[in-house]
Amino acid sequence: MELTVNSVARTVQSPPLTSLLTVLREELDITSPKAGCESGGCGACTVLVDGQPRRSCLTAVCAVDGAEVTTVEGLGTPEDLSRVQQAFIHHYAAQCGFCTDGLIVAATAYVGGGGSDDTGDIGEALAGHYCRCTGYVKILEAVAAVARGDTFDTASTASSANNTYVTIAGAES
Amino acid sequence: MAVHRGKGLATVEYPTGMNQNGDPSQAWIKVKPDGRVDVFSGTADIGNGSKTVQSQIVAETIGVPYDWVTYDNSNTDSSPMCTGTFASRATFVAGNAVLKAARQVRERILAVASRELEIDPADLEVADGAVSVKGTPAKSMGVDEVAGAATFVHGELLTGDGAHLNPGAAIIDPTTGEVDKPPHAAISYAACTAEVEVDDETGDVRVLSLTQAYDIGRAMNPTLVEGQIDGGAVMGLGFGLLEDCYPYYPTAEHRGDGMNTYHVPTMAELPEIKNVLMENPSSGGPYGAKGIGEMSNNAQPAAIANAIHDAVGVWVTEFPITPERVLAALDAKREGRSEPRREGRVVAFDEELSINSFTSAKTWGA
């Protein structure tokens with residue numbers, strides 16, 4: 001089978017019913033799609049197939065023969081990050097990072113498809129992705145900022161509007 | 001049949017680190033000939049940002065730019081001992097270890113600079129990667145020059161080591177209740193209010209908002225603190241409403257075996273979250289910090305349970321508060337049976353299930 005993976009033509013030798021996730025990770029050594037639940041529940045394995053987010057763990061590689069597959073490696077490079085990647089850094093939208101690659105891929109499809117900065121719309125588009133660390137708050141902020149057309153300084157971190165700081169002077173405990 | 005709204009409050013008091021065996025963390029630091037700083041510590045960063053925070057502590061304490069610091073915990077052999085990343089201890093316990101090591105490094109930098117500049121170390125200070133004479137900032141030399149001189153002129157290695165040990169486990173006097181040692185190193189406090197909607201026909205509970213106040217000691221890195229607290233809120237929501245290792249029956253054969261039975265909150269369940277972060281410095285923590293990692297998911301389940309009582313007048317005393325449990329409690333109330341109470345319930349330990357304990361034998365009061 002022939003795939004175009006991150007703009008590079010690849011020939012796949014794995015048996016046809018091998019999952020796209022296994023092909024990417026074990027045959028092509030592209031490890032950003034993560035094997036989370038491996039039953040379509042968690043979203044960590046999400047990749048773009050012809051521009052649409054797909055669960056690579058549930059996708060037999062023969063079903064995407066000839067397709068264009070994009071993982072987070074294909075969206076940008078460390079020197080030239082995509083806007084969604086920049087937004088995730090600026091808004092501190094990743095902690096342990098396990099869900100991050102799938103979320104960035106799905107968010108790229110969302111904003112690429114003209115998705116709005118409305119929290120409800122983003123939530124609906126990305127609700128199929130589990131994140132145990134962030135509580136989603138900063139991920140939503142990052143995706144909304146991309147949808148709004150913000151520019152991002154990856155050397156600084158955005159402050160979130162939902163936090164108020166109070167200093168208790170001189171009170172040590 | 002209607003949707004009812006309610007509000008609930010819960011508070012939490014939470015310690016930092018452990019007491020058993022003193023819960024040690026150790027660190028050592030060396031300075032390269034170009035002044036760049038290598039920190040060796042055993043604390044693994046699991047996404048909580050402990051590498052970042054400990055590097056900040058080192059940079060601030062020595063007086064060098066943050067990007068001069070490399071934090072190495074790449075393997076167990078080269079890293080000093082650390083009990084681990086848990087118990088909200090990374091910033092407080094391991095942070096104290098790197099703080100002490102960094103202070104030693106600073107002293108050694110001052111000692112070498114003193115010889116180079118021929119000025120008493122007490123009259124020198126280190127800031128932004130340079131050692132300068134107090135009150136005479138023009139007279140200075142870079143930390144990189146000091147490190148170079150230490151290496152090539154004085155034949156020295158600029159190093160420091162540090163360790164932190166909590167007081168061991170306290171012994172409690174059974175008659176007076178007195179303890180023989182102080183409690184944990186730093187106690188943090190938090191409160192959470194939950195606003196919920198309860199559908200008395202379906203038993204569905206939706207959390208509309210979580211408003212929380214945390215005594216964080218000092219926000220070493222505000223963005224990281226916010227990330228911990230936002231994440232804790234949603235994890236607490238999951239503990240309160242969704243997450244159950246035994247979703248159907250309390251036996252091992254029927255326990256959940258994947259993400260389709262262990263429900264984790266998603267963006268679809270995300271309530272409005274507002275945080276108030278109170279900086280109330282701890283006397284024992286590095287730069288006044290406390291640990292807030294674990295406590296950030298403790299108050300929400302109780303606040304949600306209280307909000308449900310406010311909304312529909314029943315106490316659900318078992319987590320997660322599933323629609324089935326809400327409906328059972330509403331049925332019990334409607335049929336005049338007494339509400340479920342904690343008293344009289346059986347708490348069993350079952351070795352086969354390998355969990356600490358689980359509640360069984362629902363007792364719906366006498």
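This is a predicted model: local features need pLDDT of at least 70, side-chain atom pairs count only at pLDDT 80 or more; totals for chains, interfaces and linings use all residues.

Residues are numbered from 1 along each chain as its sequence is written, while chains are lettered from A and ligands numbered from 1 in the order in which they are written.

Start where the chains touch: 32 residues from chain B and 32 residues from chain A take part. Being in contact here means that two C-beta atoms, placed from the backbone, lie within 7 Å. On chain B's side, helix α4 gives the most, with 8 residues. Helices are DSSP runs (H or I, at least four residues), strands are E runs of at least two, and both are numbered from the N terminus. Strand β6 (residues 163-167) of chain A also pairs with β11(B), in the parallel sense over 5 bridges; pairing takes at least two DSSP bridges. There, T167(A) stands opposite E279(B).

Now back to α4(B). Because 17 of its 20 residues are buried, α4(B) is largely enclosed by the rest of the structure. Buried means 20 or more other C-beta atoms within 10 Å of a residue's own (12 or fewer is exposed, in between is partly exposed).

Finally, the largest nonpolar core has 136 residues. Such a core is a set of buried Ala, Val, Leu, Ile, Met, Phe, Trp, Tyr and Cys residues joined through C-beta atoms within 7 Å. Helix α2 (residues 90-117) of chain B gives the most to this core, 14 residues.
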